[in-house]
Amino acid sequence: MSVKIIRTTGIAFASTLALALSACGSSPQNEALRNGTAGEQVNSICFSRNIDSWREHSATSVILRANIDEYYLVDLVGACQPSEAFATISVESRTGVCLSPGDRIGFDNDRAPACSISEIHRWIPAPIEDAE
């Protein structure tokens, strides 16, 4: 599984980065992430090396994990299909290290059309309940 980041500052280039997705299934961490809430709207997501993981949130949004434990809800517009994505996400950033509204996200090595980012919110995972 990988993330392809395309930086369009001058000459476009792509790099493939490892994507550390937690196992699909029903772990307490996955449930907390799935049942979280949107926080404040932000202007951008800046990341030092890569986007650590992503998951579909709805037909028009994804949750991205960047910089260890920072989560963001990214609303998308366009014809992309996050629900039909399998393993990869490609990100086209105009600045190179930050994603902001107007940048583009595609899924599964361009087999489907890309979408534009319309809004970004911090994502707050739900509290993990202790098993008794």
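Residues are numbered from 1 along each chain as its sequence is written. In this predicted model, local features need pLDDT of at least 70 and side-chain atom pairs count only at pLDDT 80 or more, while totals for chains, interfaces and linings use all residues; side-chain values use heavy atoms, with hydrogens and water left out.

**Exercise 1. The disulfides**

Find how many disulfides the whole structure holds, and describe each link.

*Solution.* 

Step 1. Apply the cut-off: a disulfide is a pair of cysteine sulfur atoms within 2.5 Å. The search of the whole structure returns two.

Step 2. Take C46 and C98. Their sulfur atoms lie 1.9 Å apart. The angle about the S-S bond is 100°, and the link is right-handed. C46 sits in strand β4 (residues 45-46) and C98 in strand β9, so this pair links distant parts of the chain, 52 residues apart. Strands here are DSSP runs of E with at least two residues, and helices are runs of H or I with at least four, both numbered from the N terminus.

Step 3. Check accessibility. Buried means under 20% relative accessible area, exposed means over 50%, and partly exposed is in between (1.4 Å probe, protein chains only). C46 is partly exposed at 36%. C98 is buried at 16%.

Step 4. Take C80 and C115. The S to S distance is 2.0 Å. The torsion about the S-S bond is about -110°, so this disulfide is left-handed. C80 lies in the loop between β7 and β8 (88-93), and C115 lies in strand β11, so the pair ties together parts 35 residues apart in sequence. C80 is buried at 5%, and C115 is buried at 2%.

Step 5. Write the pattern. With the bonded cysteines of the chain numbered in sequence order, the pairing is 1-3, 2-4.

**Exercise 2. The salt bridges**

Count the salt bridges, then work through three of them: E31 with R34, E40 with R122, and R94 with D103.

*Solution.* 

Step 1. Set the rule: a side-chain nitrogen of Lys or Arg within 4 Å of a carboxyl oxygen of Asp or Glu. The count by this rule is four.

Step 2. E31 and R34 meet at 2.9 Å, N to O. Both are in helix α1 (residues 28-34), three residues apart, which means a separation of about one helical turn. E31 is partly exposed at 28%. R34 is partly exposed too, at 39%.

Step 3. For E40 and R122, the closest N and O atoms are 3.6 Å apart. E40 belongs to strand β3 (residues 37-42) and R122 to strand β11 (residues 115-124), so the pair ties together parts 82 residues apart in sequence. E40 is exposed at 52%, whereas R122 is partly exposed at 35%.

Step 4. R94 and D103 meet at 2.7 Å, N to O. R94 is partly exposed at 46%. D103 is buried at 1%.

**Exercise 3. The surroundings of D103**

Where is D103 found, and which residues does D103 touch?

*Solution.* 

Step 1. D103 is in the loop between β9 (98-99) and β10 (104-107).

Step 2. List the contacts, meaning heavy atoms within 4.5 Å. Leaving out residues up to four places away in sequence, D103 touches E92, S93, R94, C98, C115, S116 and I117. Two of these belong to the disulfides of Exercise 1: C98 and C115.

**Exercise 4. A hairpin and a loop**

Describe how β5 and β6 pair. Then decide: is I68 buried or exposed?

*Solution.* 

Step 1. Strands pair if DSSP finds at least two bridges between them. Strand β5 (residues 51-58) and β6 pair in the antiparallel sense over six bridges.

Step 2. A hairpin through two residues joins β5 to β6. S58 has S61, in β6, as its bridge partner.

Step 3. Move on along the chain. I68 lies in the loop between β6 (61-66) and β7 (70-78). I68 is exposed, at 62%.
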